[in-house]
Amino acid sequence: MGDQKYLSNPYPFMSAYTVNANNENPEFKGINYRKTKASVSKKGLSIRGKAMLPEEDLKIIKKELGREPTLVEQGCFLNLWSEHCSYRSSAPLLKTFTTTGENVIIGPGDDAAIIRFDDGYVLAIGMESHNHPSYVDPYNGSATGVGGIVRDIISMGARPIALMDPLYFGPLDTPKNLFLFEQIIKGIAGYGNCIGVPVVNGEAFFDKKYSGNPLVNVVAVGLCKEEEIITARSQKAGNKLVLAGSGTGRDGLGGASFASRDLSESAEAEDRPSVQVGDPYTEKLVIEMTLEAMEKGYVKSCKDLGAAGLGGASSELAAKGGLGARIITDAVPQREPSMNAYEILLAESQERMLFEVAPEDVDAILALVTKYDLNGAVVGYLTEEPNYTVEFKGEIVADIPIALLTGGAPTCEKPSVIPISQVEKSKAPETPKDLKAAFLKVLSSYNIASKEWIYRQYDHEVQLRTIAKPGEDSGVLRITDKKGIALSCGCQPRATLLDPYNGGRTAIIENAMNLAVKGAEALAIVNCLNFGNPDRPEIYWQFKNAVLGLGDGARELSIPVVGGNVSLYNESDEFRTSILPTPSIGMIGKVDLETPLPSGFFAESGDTIILVGETTADMGGSEYYASFGAQNAGKVPPVPENAPEILKALIEASRSGKLRSAHDLSLGGIAAGLARMCRNTGAEIDLTEVAEITADELLFSEAPARALLATAEPDAVLEILKDVPHLIIGKVGGSSLEIRGKDFGISLSLKEISDAYGSLTRFMMG
Amino acid sequence: MKIAILQFGGTNCDLDVLHILKDVVGIDAETVWYKQENLTGFDGVVVPGGFSYGDYLRAGAIAARTPIMNSVKKLAAEGKPVLGICNGFQILTEARVLEGALTTNEYPKFRCHWTNLRVETVDTPFTSKFRKGEIIRMPIAHMEGQFYAEEKTLAELDENEQVVFRYVDENGKVTDAANPNGSLENIAGIVNPSRNIFGLMPHPERASESILGSDHGLRVFESMADYITENF
């Protein structure tokens with residue numbers, strides 16, 4: 001997917017254009033090497049004279065081929081062996097995830113995962129980052145991030161029905177960060193709205209460590225019947241390969257290798273040609289054309305074109321079915337003149353799909369291409385011989401054993417050290433004298449404040465499924481009359497910095513809680529693992545421990561991790577920052593629609609308010625500490641051992657139909673949770689019995705696995721909660737939020753709350 | 001009775017309208033790809049929302065000039081009902097079958113949220129099942145929804161009771177705060193002088209099942225179906 005996440009750095013940027021000195025005019029074993037170099041250098045692109053492939057990779061390739069690779073072959077290896085495509089340094093770690101489960105039909109490894117749902121339906125789910133392009137060209141970078149993951153969904157045979165976007169930004173007090181924020185949102189809105197896929201949930205998190213390196217992660221979900229699933233596994237030699245969608249231009253050349261490096265100061269200007277340009281109008285046509293072709297049975301296997309373009313998609317599709325492929329680059333519909341084989345094969349022009357089609361169906365599928373005003377052509381065929389062969393103007397420009405190209409990259413585990421000095425510890429703040437001022441300060445932090453300015457720009461209603469809308473803990477969508485899905489995403493980067501392992505576990509429990517308050521049981525997890533430069537042992541240590549925490553957290557709750565991606569080297573020379581470790585996840589669960597869902601807000605005066613879970617004194621990584629300049633103080637509260645029981649009880653309570661309101665507690669603790677629920681009505685709260693801790697700990701602790709519930713039938717709800725920690729803390733009603741503790745009292749009017757909670761919207765709209 | 005739901009490249013509310021007409025209202029409806037051009041056999045048309053031709057040039061401008069729009073005009077000339085929702089409204093104004101124009105929202109961003117609307121006239125094929133003055137709820141989702149017309153046109157629209165819905169607050173008052181896009185006189189939807197062509201920016205199909213937040217919009221489609229049954 002044109003994604004940029006991954007990493008890898010041995011590959012000098014734009015090196016795709018560099019020419020190996022040894023390679024000037026080689027003629028190997030029957031392969032007539034075309035001099036593509038001349039046309040490349042005429043374009044004035046940099047030819048740096050460095051070896052284009054890392055020495056050790058070139059050595060392996062030469063040994064296996066028994067000769068020097070041609071330029072086109074080098075381009076193929078450069079892109080397909082880059083960290084972006086082959087997860088070289090992360091593969092060993094990702095193997096620690098449990099990826100199977102009774103509902104997993106297809107796990108990691110295809111374009112998207114497939115989860116069994118209900119009533120014959122299955123869900124396709126995928127998650128991708130588009131971080132580097134979104135820094136260089138925020139509008140197109142974020143837009144094409146949406147486009148790419150959506151094509152991953154349709155290539156499985158599923159109609160895309162929902163998007164989520166966890167986003168991470170630098171503070172909005174610099175023009176650069178503000179520009180990135182506004183343009184990234186605009187890009188997601190512009191693309192998602194146009195293709196008619198609702199964005200139903202998201203996260204926006206701000207921290208100075210994301211200055212100059214914002215993160216754009218996108219989750220996409222699709223729906224189809226089990227018998228409609230199409231995979232990227234080629235079926236039969238002799239079948240044709242049809243490329244359909246946009247014409248191929250030179251945009252996005254070298255994107256896969258571009259993604260695999262950190263962003264230097266000059267990156268922005270220099271890299272812009274590597275960012276693909278999105279065209280959502282064409283994407284919508286591609287969606288409809290693809291789904292119609294699949295419905296009519298013309299498509300035997302399918303892969304969208306993302307990283308490494310046609311070269312990546314065609315070689316991976318062929319290899320997955322144990323076949324080879326022959327590509328005739330001249331047949332590719334092109335939108336620029338005089339493209340050479342290298343460019344045609346590896347350009348990352350957007351909105352393109354590759355289909356395996358039986359010879360007798362070729363005319364019919366090309367007629368669909370015409371119906372939808374798209375470009376399309378037969379660009380090659382599958383072969384018994386397991387070679388990847390590329391033709392250009394009647395000559396063979398690449399001929400590689402396909403297994404070497406798609407699976408031959410060596411992996412490596414990097415050194416990892418515990419970073420004793422990684423985080424300079426700060427001192428915990430004194431309990432503030434003016435608790436109300438502290439309350440409003442925490443509530444108005446952009447991390448907690450309403451994200452309305454963002455989600456108003458997304459069409460979150462299209463497709464007539466959205467029941468719980470953005471602004472709630474999870475988005476809930478109708479699938480059948482009786483069953484729906486709940487979607488939640490995000491993570492807690494500050495906690496992950498202080499304690500990567502517990503940070504990873506916290507991400508799992510927090511998202512599971514967001515689902516549980518809507519009565520949803522989790523079905524699957526996808527992730528984007530966003531980190532800094534893994535060549536630095538302390539970063540690799542963060543990465544490793546966060547991954548282990550995610551894996552253990554998911555196993556504790558028996559939720560399979562079915563897909564995702566890795567984005568490393570997220571560092572900015574310009575701001576001298578390396579991002580906070582950001583193991584962002586997307587979680588999908590199943591909801592019962594036969595009883596009404598609890599709302600995320602207090603609704604009826606007189607309802608009893610119940611706090612579920614244990615509030616503890618640990619405040620490491622909390623928004624409260626960050627708001628008071630003590631970002632690195634304290635210890636991260638661990639996920640309690642009884643978290644699975646708490647989830648189970650919450651799901652049962654939410655499904656009982658006896659809860660009017662339910663809300664997970666996360667950033668900003670009880671204080672932020674109460675304020676958020678007081679949208680339409682006030683509440684009277686007594687926290688004296690909650691825990692023997694200080695007032696600020698009580699109000700702002702972010703101890704995981706806690707929720708606030710409101711009900712008109714407290715007895716029935718308490719019965720459901722009897723085996724997990726819970727406490728009645730007050731009643732809904734009044735026009736203010738009144739909170740009492742042992743030695744404090746706070747009174748906030750609904751207006752004071754909504755003013756603080758509206759801080760981000762007000763800042764953006766002036 | 002059969003209703004045509006037009007599909008241009010980039011239309012994205014076609015299947016939503018199809019679901020409401022077939023599964024909720026219970027009448028026959030069919031999507032029609034714009035290249036078909038012929039609408040013989042249809043008793044009404046819905047031009048659904050979306051981003052026809054990517055909103056490139058101007059929202060609705062390209063779709064308005066496709067040959068199928070001649071068939072829509074022909075069908076309307078027979079008195080059959082034509083309903084344009086969101087991008088469909090934009091297409092109908094670009095095709096000059098409805099007056100005025102839809103320009104970029106006052107706050108120039110896409111805006112998706114629920115609005116309160118006041119029913120200004122029940123004397124149309126699309127609003128017979130409402131009460132005049134009734135306050136209803138439907139969501140909007142658009143970037144170019146600011147209704148504009150010259151003063152003379154506005155006066156005519158008022159005089160002929162061609163304004164169908166206005167954005168209002170929850171008490172039914174026309175206020176600036178209740179106006180989501182800067183539309184003149186808070187206009188959310190209008191009919192042509194013959195009253196059988198209706199364009200509106202809010203999405204009635206998104207407010208046709210209570211599980212999604214409201215079923216007020218359903219009466220637009222039911223009114224349309226009644227009108228066809230009675231007249232054709």
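Hi everyone, this is a short walk through the predicted model shown above.

A word on conventions: residues are numbered from 1 along each chain as its sequence is written, and chains are lettered from A and ligands numbered from 1 in the order in which they are written. Because this is a predicted model, local features need pLDDT of at least 70 and side-chain atom pairs count only at pLDDT 80 or more, while totals for chains, interfaces and linings use all residues, and side-chain values use heavy atoms, with hydrogens and water left out.

Let's start with chain A as a whole. Its secondary structure comes to 27 helices and 28 strands; these are DSSP runs numbered from the N terminus, with helices being H or I of at least four residues and strands E of at least two. Chain A has 766 residues, and 66% of them count as buried. Buried means under 20% relative accessible area, exposed is over 50%, and partly exposed is in between, with a 1.4 Å probe and protein chains only. The accessible surface of this chain is about 24,600 Å², and carbon and sulfur atoms hold 49% of that. Those areas come from the Shrake-Rupley method with a 1.4 Å probe, and for residues only the protein chains shown count as cover. As for contacts, meaning heavy atoms within 4.5 Å, take those in chain A with a separation of 6 or more: 86% of them join residues 24 or more positions apart.

Now, Ala244(A). You'll find this residue in strand 7, residues 240–245 of chain A, and it is buried at 2% relative accessibility. Which residues does Ala244(A) touch, leaving out those up to four places away in sequence? Among them are Met289(A), Glu351(A), Met353(A), Phe355(A) and Val369(A).

Staying with strands, look at strand 23 of chain A, residues 659–664. It is largely enclosed by the rest of the structure, because 5 of its 6 residues are buried.

On to the backbone. Most residues other than glycine have a negative phi. Asp373(A), though, has a positive phi near 55°. This aspartate is in the loop between helix 14 (362–371) and strand 11 (375–383) of chain A, and it is partly exposed at 38%. Arg576(A) also has a positive phi, near 50°. Its loop runs between strand 19 (571–572) and strand 20 (577–578) of chain A, and the arginine is exposed, with a relative accessible area of 76%.

What about cysteines? A disulfide here is a pair of cysteine sulfur atoms within 2.5 Å, and a search over all chains finds 0 of them. Cys489(A), for instance, has as its nearest cysteine sulfur that of Cys491(A), 9.5 Å away. Cys489(A) is buried at 6% relative accessibility, and Cys76(A) is buried too, at 0%.

Finally, chain B. Where is Leu57(B)? It is in the loop between strand 3 (44–47) and helix 2 (68–77) of chain B, and this leucine is exposed at 74%. Together with Tyr56(B) and Ile62(B), Leu57(B) makes a nonpolar surface patch of about 310 Å².

Methods. Patch = residues over 30% accessible without salt bridge, like charges linked within 9 Å, V, L, I, M, F, W, Y side chains within 5 Å. Salt bridge = Lys/Arg side-chain N within 4 Å of Asp/Glu carboxyl O.
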